[in-house]
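Please read the points below with the model open beside you.

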Amino acid sequence: MEEGLTILEAIKRDFACGEIDIRTYSPLALAYIGDAIYDLVIRTIVVERGNTSPNNLHKKTVHYVNARVQAQMIEALMDELTEEEKKIYKRGRNAKSYTTAKNASVIEYRKATGFEALCGYLYLTGQQERMLALMKKAVALAGMKI
């Protein structure tokens, strides 16, 4: 990968992905990619904090990659979001999903879906620095220690 090229830019270039208007993406599609990006960020932090067995890495990761924690994070972040980011979050939160979380309420699951939609939107629009800054702030505001 070329220096200065984001992973998104490299993926689009190497796999001939076309430009699509982000406004045409469904909120659940944004949440789908946002879930993966959020998981990748948390896994990266966990791995960087200590080389240990996959079982221990998984235990640390699932503590932060779940609907209950994501709902707490977005609640802590609401005052930090721009109007556009709030719109994206609300679209994700209000999307009609046919799945539910195992260990969270419906309300927590919907908030988490909104949070993931926001992460996906920021990632797909090339705003990774903003996405990471919000995640870092959310972790601090929610009083979590990764």
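The points that follow begin with the basis of the model and then go through the helix pairs and the residues.

1. Basis. This is a predicted model, in which local features need pLDDT of at least 70 and side-chain atom pairs count only at pLDDT 80 or more, whereas totals for chains, interfaces and linings use all residues. Residues are numbered from 1 along each chain as its sequence is written, and side-chain values use heavy atoms, with hydrogens and water left out.

2. Helices α2 and α3. The axes of helix α2 (residues 27-48) and helix α3 (residues 54-62) come within 9 Å and cross at roughly 130 degrees; helices here are DSSP runs of H or I with at least four residues, numbered from the N terminus, and axes are lines fitted to C-alpha atoms over the stretch in contact, with angles running from 0 to 180 degrees between N-to-C directions. The two helices are therefore oblique to each other, given that angles under 35 degrees count as roughly parallel, over 145 as roughly antiparallel, 65 to 115 as roughly perpendicular and the rest as oblique.

3. Residues between α2 and α3. On the α2 side, Asp39, Ile42, Arg43, Val46 and Val47 meet Leu57, Lys60 and Thr61 of α3, contact being defined as heavy atoms within 4.5 Å. These residues divide into four nonpolar, one polar and three charged.

4. Helices α6 and α7. The axes of α6 and α7 come within 7 Å and cross at roughly 150 degrees, and α6 and α7 are therefore roughly antiparallel to each other. Phe115, Leu118, Cys119, Leu122 and Tyr123 of α6 make the contact with Gln128, Arg130, Met131, Leu134 and Met135 of α7. By class, the contact has eight nonpolar, one polar and one charged residues.

5. Glu108. Leaving aside residues up to four places away in sequence, Glu108 touches Ala67, Arg68 and Ala71.

6. Ala138. Located in helix α7 (residues 128-141), Ala138 counts as buried at 0% relative accessibility. Its contacts, not counting residues up to four places away in sequence, are Met73, Leu77 and Met144. The C-alpha atoms of Ala138 and Leu30 are separated by 19 Å, the two residues being 108 residues apart along the chain.

Definitions and conventions: Nonpolar A, V, L, I, M, F, W, Y, C, P; charged D, E, K, R; others polar. Buried < 20%, exposed > 50% of the residue type's maximum accessible area, 1.4 Å probe, protein only.
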